[in-house]
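Please read the following points with the model open beside you, and check each one as you go.

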Amino acid sequence: MYDCIAGVYDLLMRDVDYVSYAGYIDGILKRYLNNKPDIVLDVGCGTGSLTCAMRDLGYSMIGAEPSERMLECALKKDTNNIQYINQSMEKLDLFGTVGAAISFLDCINHITDIKKLQQGFKKVSLFLEPEGLYIFDLNTEYKFENIYAGNLYYDLSDDVSYVWVNNYSKKTKICTMDISYFIKNDDGKYKRYDTCNRERAYSDKQIIELANNSGLELIDMLEDFSFDKPRRNCQRKFLIFRKKR
């Protein structure tokens, strides 16, 4: 999905504060686990920016990513205490277990096939230690229906510009995102990159049922970057599941 923009992905995501993300995850792990996990699995690690930020907080990391080109970018960064594997969530195959797993920046929404998500949850659960945590964020139904649906976004910056058109179906719960990026090269000319991303809106009930069927139990649901319960118009939630004994 991101192969065509892998080389410029970090530029496009330059406004994402991965250090703050890592700090928030670190706070969740300390709050809900008695002991610091020896290894954390980053499912859908992309170019490894969050993986590196978690490593910098003292975690041994495994980064799993299905896109070879995204992994190529990750491998160009400091890989100390990080192992990268070219695997999708539903095809995870580790050599051992991990104390915690994470998936961020819409990873779960990007899995639009419910059967694949079920298989993905089962794989994560399989490689979690007993009572290990799986933490992920989720764009909410409210966001798809009231923020994304039918809207157009654009940004006309000097070095990076984009036009982003959304088409959301309440019937299928699928949002199709057609995005054209215009990136300035060293010679001052712009190169165009076109992507078509699809995300699915999942209800809390769906996610909890899929997780329960995979041996995971919900222990908390939080509003974006807080430890408060999600409000009705919350746009992003953080869900924390524990592997059942």
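1. Tyr 153 has Trp 164 in strand S7 as its bridge partner, and this pairing belongs to a set of 5 bridges that join S6 to S7, two strands that run antiparallel. Strands here are DSSP runs of E with at least two residues, while helices are runs of H or I with at least four, and both are numbered from the N terminus; two strands count as paired if DSSP finds at least two bridges between them. A hairpin links S6 to S7 by way of 3 residues.

2. Before going further, please keep in mind that this is a predicted model, in which local features need pLDDT of at least 70 and side-chain atom pairs count only at pLDDT 80 or more, whereas totals for chains, interfaces and linings use all residues. Residues are numbered from 1 along each chain as its sequence is written, and side-chain values use heavy atoms, with hydrogens and water left out.

3. Strand S7 (residues 160–169) is also joined to strand S8 (residues 174–184), by 10 bridges, and these two strands run antiparallel. Within S8, Cys 175 is the residue that stands opposite Tyr 168.

4. Which strands stand at the edges of the sheet? The sheet is open, with 4 strands in the order S6-S7-S8-S9 and antiparallel pairing. Strand S6 (152–156) and strand S9 (190–200) each have a single partner strand, so one side of each is left without a neighbour in the sheet. On average, neighbouring strands of this sheet are turned by 10 degrees against each other, direction ignored.

5. Turning to the helices, the axes of H6 (residues 114–126) and H8 (residues 204–212) come within 8 Å and cross at roughly 50 degrees, where an axis is a line fitted to C-alpha atoms, for helices over the stretch in contact, and angles run from 0 to 180 degrees between N-to-C directions. H6 and H8 are therefore oblique to each other, since angles under 35 degrees count as roughly parallel, over 145 as roughly antiparallel, 65 to 115 as roughly perpendicular and the rest as oblique. The contact (heavy atoms within 4.5 Å) is made by Ile 114, Leu 117, Gln 118 and Phe 121 of H6 together with Gln 206, Ile 207, Leu 210 and Ala 211 of H8.

6. Leaving aside neighbours within four places in sequence, Ile 28 is in contact with Ile 135, Leu 222, Phe 227 and Ile 240.
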